[in-house]
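Dear colleague,

Please read the notes with the coordinates open beside them.

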Amino acid sequence: RDQEYQKTTGAKMAGGGTSLEYTPTWVVALVCSVIVSISFAVERLLHRAGKHFQKNDQKQLFGALQKIKEELMLLGFISLLLSVSQSKIAKICIPKDLSLKYLPCKKPKDDDKSLKDSSHFQFSFTGRHLLASDSAAGDYCSQKGKAPLMSVSALHELHIFIFVLAVSHIIFCLLTILFGTMKIMQWRKWEDQVLEKDYDADQVIQKKYTAVQEHDFIRGRFLGVGKADACFGWLHSFMKQFLGSVNKSDYVTMRLGFITTHCKTNPKFNFHKYLMRALNSDFKKVVGISWYLWVFVVLFLLLNIVAWNIYFWLAFIPLILLLAVGTKLEHIITDLAHEVAEKHVAVEGDLVVRPSDDLFWFKSPRLVLILIHFILFQNSFELAYIFFIFAQYGFESCIMGKVQFIIPRLVIGVLVQLLCSYSTLPLYALVTQMGSSFKGAIFNEQTQHQIVEWAKHAKKGAKKGSDQPGTSHGDSPSTLATPSPRSAHLQSLFGKGASQQNHESKGQPDIVEEYK
């Protein structure tokens, strides 16, 4: 019996490498220590980053960090699921004719040569263990006259590709936010210049008149009236996103339009800090990988068929979308200028634009964030796929395609990353504030928490059907007969500059809904 066991073990070792039974203990301990040490180092790094964000009251960035942890946890679950189920999946057999359809590369007639030279589901470093597992699964299905659904080495590669994709998306998002924030920080000097002025709204309205056509914002954005000028306006908006997408007159004018609409009683409102809080809050949504993005990954993998060159054409999707989004955001600024210039020759006080959701696609500023999210993910997918194929199969891989297909894909990927970081993202941060309502980031964290708590108490009171005057579901806080200290404090917060003009009752629920 011992001899049979030794023969069986020897055969396994010859085909699949040394098992754990015959691996030196110091090797097992060393490898385990290295893996555990790296894992704990990454965990401690994320923990310290979270502590740093909390200490500096950067709750939006802390929320983004939590989102990254969720993505890593999802990757860990995917990894565990693939590792546990790979042997069972490899033993699922399908007809041989199905295994030869929709291949990413032409399969050589000589299967042995395919395995040796040009298999594109086999890592160069996976070793004899994966080859032995593939051989066992192949023998299992070949005895039935069928082929395995997916080899163990192919599952292993898919496993690593998913990990590379997710990590690449997180890294590229971090780089985009970092460079975009650096660009937005350059606007701080404009904010400081405005805040340094002795600004009195009443005196400006009474004593100052502005010639609309002489204003820097109008001269830079208003191009005339008519169809020809409208077409030229779109072309101007397209080119503007590449050179000086936002200048001082744009920033100051849109800042005044936002404050006049939403914070009229607080002309000293720090608009730049609000932009940074709003951008950090949006970053938490962008860095995640939503379910519909995983659907796109599956769809793209499905369409990777030989001779279709689908990845070459897919590389143009993020570029086209990014140029469309940038052009639209620039044109919204132009529309704001046209709205004022076409109606007025001179205005009392400073030139003020009117924010409105009608300026955006489908009257939804949020749609722009969804498109940017998809653009960043699609670009990350494209670059991650190129690096993955190059690292595992080499530059000559048939999946990589011809050189005339590879170079444009790399150039487009880098161009999308740079353009989104330095132009589109800062444009988004500024122009999306020209919607009809403001974001919850207009309040600091303490105020947001108080508003959410107030909303919860209001809902509980409504459910209990309180008969106290002024506490019915349809009444607004301003009609309470005997307001509580909490309600009075919240009303004072809204009155300090966080309420909307003519949208007060509409603005409060928007913020409450966002931070439930």
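A crossing of two helices is called right-handed if the near helix is turned clockwise from the far one by less than a right angle, and left-handed if the turn is anticlockwise. Please keep in mind throughout that this is a predicted model.

In that sense, helix 7 passes helix 17 in a right-handed crossing. The axes of helix 7 and helix 17, the latter spanning residues 366-393, come within 8 Å and cross at roughly 130 degrees. Since angles of 65 to 115 degrees count as roughly perpendicular and those over 145 as roughly antiparallel, helix 7 is therefore oblique to helix 17. On the side of helix 7 the contact includes E157, I160, F161, V164 and L165, while the residues that helix 17 brings to it include H373, L376, F377, S380 and F381. Sorted by class, the contact of helix 7 with helix 17 holds 14 nonpolar, five polar and one charged residues.

Turning to the aromatic rings, the count comes to 21 aromatic pairs. One of these is formed by W187 and Y251, whose ring centres are 5.9 Å apart and whose planes make an angle of 50 degrees, so that the pair is classed as tilted. Because W187 lies in the loop between helix 7 (152-185) and helix 8, whereas Y251 belongs to helix 12, the pair ties together parts that are 64 residues apart in sequence.

Finally, a word on annotation: an unreviewed UniProt entry places the feature "transmembrane region" at residues 26-46, 158-179, 286-305, 367-390 and 410-431. Over residues 26-46 the model is 100% helix and 0% strand, with the end C-alpha atoms 30 Å apart. For residues 410-431 the chain is likewise 100% helix and 0% strand, and the end C-alpha atoms are 30 Å apart.

Methods: Residues are numbered from 1 along each chain as its sequence is written. This is a predicted model: local features need pLDDT of at least 70, side-chain atom pairs count only at pLDDT 80 or more; totals for chains, interfaces and linings use all residues. Side-chain values use heavy atoms; hydrogens and water are left out. UniProt positions are given in the numbering used here, feature names are shortened, and annotations may be inferred rather than shown by experiment. Helices (H or I, at least four residues) and strands (E, at least two) are DSSP runs, numbered from the N terminus. Rings of Phe, Tyr and Trp (its six-membered ring) pair if their centres lie within 6.5 Å; planes under 30 degrees apart count as stacked, over 60 as edge-to-face and the rest as tilted. Axes are lines fitted to C-alpha atoms, for helices over the stretch in contact, and angles run from 0 to 180 degrees between N-to-C directions. Angles under 35 degrees count as roughly parallel, over 145 as roughly antiparallel, 65 to 115 as roughly perpendicular and the rest as oblique. Contact means heavy atoms within 4.5 Å. Ala, Val, Leu, Ile, Met, Phe, Trp, Tyr, Cys and Pro count as nonpolar, Asp, Glu, Lys and Arg as charged, and the others, Gly among them, as polar.
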